[in-house]
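Student: I've got a model open on my screen and I'd like to learn how to read it. Can you walk me through it?

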Amino acid sequence: MRKMQVFSPPTTLGCEGFWSRENPPRVQRDPSAWKKHDFIAHITQRENALRKKPEHYHRARGLARSRLTGELLGNGTFTDRHPRDGRIICWPSDYVSHYIDKHNIAPTQRFAEYVQELGRPFPRRGQRADEAK
(Lines give C-alpha, C1' and ligand atoms only; values in the text may rest on other atoms or scores of the structure.)
Protein backbone atom coordinates (compact mmCIF):
# COMPACT_ATOMS: atom_id res chain seq x y z
CA MET A 1 0.00 0.00 0.00
CA ARG A 2 1.39 3.40 -1.00
CA LYS A 3 1.70 5.96 1.78
CA MET A 4 -0.28 9.15 1.32
CA GLN A 5 1.59 12.42 1.64
CA VAL A 6 -0.02 15.18 3.63
CA PHE A 7 0.41 18.80 2.50
CA SER A 8 -0.19 21.99 4.45
CA PRO A 9 -2.65 24.45 2.90
CA PRO A 10 -1.25 27.43 0.94
CA THR A 11 -0.60 30.45 3.12
CA THR A 12 -2.35 33.78 2.72
CA LEU A 13 0.95 35.64 2.25
CA GLY A 14 2.19 33.21 -0.39
CA CYS A 15 5.35 32.31 1.53
CA GLU A 16 5.91 29.05 3.34
CA GLY A 17 5.67 29.16 7.11
CA PHE A 18 3.34 32.18 7.43
CA TRP A 19 0.12 30.50 8.51
CA SER A 20 -2.98 32.10 9.91
CA ARG A 21 -4.97 30.75 12.86
CA GLU A 22 -7.80 29.93 10.46
CA ASN A 23 -5.49 27.99 8.15
CA PRO A 24 -2.90 26.18 10.32
CA PRO A 25 -0.18 23.87 8.98
CA ARG A 26 -0.58 20.12 8.96
CA VAL A 27 1.68 17.63 10.70
CA GLN A 28 3.10 14.81 8.59
CA ARG A 29 2.80 11.91 11.00
CA ASP A 30 4.85 9.59 8.77
CA PRO A 31 7.94 11.49 7.52
CA SER A 32 9.02 8.45 5.49
CA ALA A 33 5.98 9.02 3.26
CA TRP A 34 7.77 12.00 1.71
CA LYS A 35 11.42 11.05 2.34
CA LYS A 36 11.96 13.81 4.87
CA HIS A 37 15.75 13.39 5.09
CA ASP A 38 16.19 13.64 1.30
CA PHE A 39 13.87 16.66 1.28
CA ILE A 40 15.92 18.40 3.99
CA ALA A 41 19.21 17.59 2.24
CA HIS A 42 18.02 19.12 -1.06
CA ILE A 43 16.59 22.28 0.44
CA THR A 44 19.57 22.79 2.78
CA GLN A 45 21.94 22.61 -0.17
CA ARG A 46 19.81 25.22 -1.99
CA GLU A 47 19.67 27.46 1.08
CA ASN A 48 23.46 27.41 1.36
CA ALA A 49 23.73 28.57 -2.26
CA LEU A 50 21.02 31.25 -1.89
CA ARG A 51 22.54 32.62 1.32
CA LYS A 52 25.51 33.84 -0.75
CA LYS A 53 23.27 35.92 -3.04
CA PRO A 54 21.82 39.09 -1.47
CA GLU A 55 18.96 39.16 -3.96
CA HIS A 56 17.84 35.71 -2.71
CA TYR A 57 18.42 36.06 1.03
CA HIS A 58 17.10 38.97 3.07
CA ARG A 59 17.60 39.55 6.78
CA ALA A 60 15.23 41.75 8.75
CA ARG A 61 15.74 43.47 12.06
CA GLY A 62 14.76 41.55 15.15
CA LEU A 63 13.81 37.93 15.40
CA ALA A 64 10.67 36.06 14.39
CA ARG A 65 8.69 33.93 16.81
CA SER A 66 7.66 30.38 16.03
CA ARG A 67 3.99 30.18 15.13
CA LEU A 68 3.89 26.82 16.90
CA THR A 69 5.89 27.26 20.09
CA GLY A 70 6.49 31.00 20.48
CA GLU A 71 10.27 30.53 20.71
CA LEU A 72 12.58 32.99 18.98
CA LEU A 73 13.84 31.97 15.55
CA GLY A 74 15.98 33.66 12.92
CA ASN A 75 15.29 36.73 10.85
CA GLY A 76 16.09 35.65 7.30
CA THR A 77 13.89 34.95 4.29
CA PHE A 78 14.88 33.00 1.18
CA THR A 79 13.40 33.78 -2.23
CA ASP A 80 13.81 31.81 -5.42
CA ARG A 81 11.96 31.09 -8.65
CA HIS A 82 9.91 27.93 -8.89
CA PRO A 83 11.33 25.89 -11.81
CA ARG A 84 7.90 24.82 -13.04
CA ASP A 85 5.95 28.07 -13.11
CA GLY A 86 8.68 30.72 -12.74
CA ARG A 87 6.82 32.42 -9.90
CA ILE A 88 8.58 33.55 -6.73
CA ILE A 89 8.72 31.06 -3.89
CA CYS A 90 9.85 32.14 -0.42
CA TRP A 91 10.32 30.72 3.06
CA PRO A 92 11.79 31.83 6.40
CA SER A 93 15.34 30.81 7.25
CA ASP A 94 14.25 28.50 10.09
CA TYR A 95 11.35 26.94 8.19
CA VAL A 96 13.15 23.70 7.37
CA SER A 97 15.07 23.17 10.63
CA HIS A 98 12.31 24.26 13.02
CA TYR A 99 9.02 23.42 11.34
CA ILE A 100 9.80 20.55 8.98
CA ASP A 101 12.64 18.77 10.80
CA LYS A 102 11.82 19.41 14.46
CA HIS A 103 7.99 19.49 14.32
CA ASN A 104 7.25 17.38 11.20
CA ILE A 105 5.20 20.13 9.60
CA ALA A 106 4.21 19.20 6.07
CA PRO A 107 5.14 21.73 3.37
CA THR A 108 2.63 23.00 0.86
CA GLN A 109 2.36 20.96 -2.31
CA ARG A 110 3.99 23.78 -4.31
CA PHE A 111 7.02 23.89 -1.98
CA ALA A 112 7.32 20.09 -2.05
CA GLU A 113 7.36 20.22 -5.87
CA TYR A 114 10.00 22.96 -5.77
CA VAL A 115 12.26 20.82 -3.56
CA GLN A 116 11.58 17.75 -5.69
CA GLU A 117 12.82 19.69 -8.73
CA LEU A 118 16.01 20.58 -6.81
CA GLY A 119 16.71 16.88 -6.32
CA ARG A 120 16.49 16.00 -9.99
CA PRO A 121 19.70 15.71 -11.97
CA PHE A 122 20.47 18.54 -14.35
CA PRO A 123 20.08 17.62 -18.02
CA ARG A 124 23.19 17.43 -20.15
CA ARG A 125 23.52 19.79 -23.09
CA GLY A 126 20.95 18.88 -25.73
CA GLN A 127 19.00 16.65 -23.32
CA ARG A 128 15.44 17.40 -22.17
CA ALA A 129 14.90 17.72 -18.43
CA ASP A 130 12.62 14.68 -18.37
CA GLU A 131 15.39 12.58 -19.97
CA ALA A 132 18.01 13.38 -17.28
CA LYS A 133 19.01 10.49 -15.02
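Student: In what order do the elements of the chain run from the N terminus on?

Tutor: Before anything else, keep in mind that this is a predicted model. From the N terminus on, the order is α-β-β-β-α-α. That gives 3 helices and 3 strands in the chain. Of its 133 residues, 34% count as buried.

Student: Let's take helix 1. How many residues does helix 1 have, and how far does it reach?

Tutor: Helix 1 covers residues 36-50, which is 15 residues. From first C-alpha to last it reaches 21 Å, close to the 21 Å expected at 1.5 Å a residue.

Student: Which residues of helix 1 are buried, and why do they line one face?

Tutor: General idea to begin with: an α-helix has 3.6 residues a turn, so residues three or four places apart point the same way. Now the case here: K36, F39, I40, I43, E47 and L50 are the buried residues of helix 1. Looking down the axis of helix 1, you'd find them within an arc of 90°, so they line one face of the helix.

Student: Which residues meet where helix 1 and helix 3 pack?

Tutor: From helix 1 you have F39, H42, I43, R46 and L50, and they meet F111, A112, Y114, V115 and L118 in helix 3. Notice that F39, I43 and L50 were also on the buried list of helix 1.

Student: I spotted a histidine, H98. Where does H98 lie, and is it buried or exposed?

Tutor: H98 lies in helix 2. Buried means under 20% relative accessible area, and H98 has 4%, so it is buried.

Student: What does the side chain of H98 make a polar contact with?

Tutor: With the side chain of S66, at 2.8 Å. Leaving aside neighbours within four places in sequence, H98 is in contact with S66, T69, E71, L73 and H103.

Methods
Residues are numbered from 1 along each chain as its sequence is written. This is a predicted model: local features need pLDDT of at least 70, side-chain atom pairs count only at pLDDT 80 or more; totals for chains, interfaces and linings use all residues. Side-chain values use heavy atoms; hydrogens and water are left out. Helices (H or I, at least four residues) and strands (E, at least two) are DSSP runs, numbered from the N terminus. The expected span of a helix is 1.5 Å times one less than its number of residues. Buried means under 20% relative accessible area, exposed over 50%, partly exposed in between (1.4 Å probe, protein chains only). The arc is that of the directions from the helix axis to the C-beta atoms. A polar contact is a pair of N or O atoms within 3.5 Å; within protein, one must be able to donate a hydrogen and the other to accept it, and residues adjacent in sequence count only if both atoms are side-chain atoms. Contact means heavy atoms within 4.5 Å.
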